[in-house]
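Please walk me through this protein model. Begin with one residue and its surroundings, then step back to the whole chain.

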Amino acid sequence: MKLRDSYRKMCTANKGGWPTMAAALGMSRDSLENRVYERKNQSVSVHDSLQMQKISETTFFADAIAAESGGVFIQLPESEICDREELLSKFNDLHAEIGMLSAKFKVHTKDGHVTKKERADLNETGQLIHRHVQELLALTFTVYCQSEKDSDD
């Protein structure tokens with residue numbers, strides 16, 4: 001996702017759309033649009049980007065920054081309480097996603113060439129898997145690590 005796309009998505013994800021987002025940032029809609037579309041040498045500041053993300057309750061800005069940096073943003077669960085059965089269920093979900101990636105890989109490479117659209121599809125599925133692996137690890141540590149002082153034994 002590109003930065004501009006993240007800004008547009010945050011504005012539309014916000015209840016009330018662009019006008020509400022602009023008002024929350026203390027500017028007019030035109031001023032916000034000028035920054036988002038980089039008109040008249042204007043741009044959205046990092047501070048405003050973070051505020052937009054917070055107001056829209058999304059992670060679009062973080063996703064865009066991670067993608068531009070060659071990575072993926074992984075939002076860890078907020079001290080989500082889960083038991084061992086839920087953890088096993090999440091592992092099973094992860095296995096299903098890996099199967100989905102395998103099926104897509106087979107289809108997209110069948111002709112010996114991966115198109116731009118196919119590449120985006122594979123990347124999206126891979127990023128989903130990365131997110132779920134990190135979430136799974138965080139939850140595993142929450143469920144199985146009783147304290148930070150646990151020994152490595």
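Leaving aside its neighbours within four places in sequence, which residues is Thr125 in contact with? The model is a predicted one. In it, Thr125 touches Glu97, Met100, Leu101 and Lys104. Those contacts leave out the residues within four places of Thr125 in sequence.

Thr125 itself sits in helix α7, which covers residues 116–144. Is Thr125 buried or exposed? Its relative accessibility is 3%. Buried means under 20%, so Thr125 counts as buried.

Now the whole chain. The protein has seven helices and zero strands. Read from the N terminus, the order of elements is α-α-α-α-α-α-α. Along the principal axes, the C-alpha atoms fill a box of roughly 60 × 50 × 25 Å.

Next, burial and contacts. Of the 153 residues, 28% count as buried. Take the contacts between residues at least 6 apart in sequence: 60% of them join residues at least 24 apart.

Last, the surface and the charges. The accessible surface comes to about 10700 Å². Carbon and sulfur atoms account for 52% of that area. The protein carries 20 positive and 24 negative charges.

Technical notes:
Residues are numbered from 1 along each chain as its sequence is written. This is a predicted model: local features need pLDDT of at least 70, side-chain atom pairs count only at pLDDT 80 or more; totals for chains, interfaces and linings use all residues. Side-chain values use heavy atoms; hydrogens and water are left out. Helices (H or I, at least four residues) and strands (E, at least two) are DSSP runs, numbered from the N terminus. Buried means under 20% relative accessible area, exposed over 50%, partly exposed in between (1.4 Å probe, protein chains only). Contact means heavy atoms within 4.5 Å. Accessible areas come from the Shrake-Rupley method with a 1.4 Å probe; for residues, only the protein chains shown count as cover. Lys and Arg count as positive and Asp and Glu as negative; His and the chain ends are not counted. The place of a charge is taken as NZ of Lys, CZ of Arg, CG of Asp or CD of Glu.
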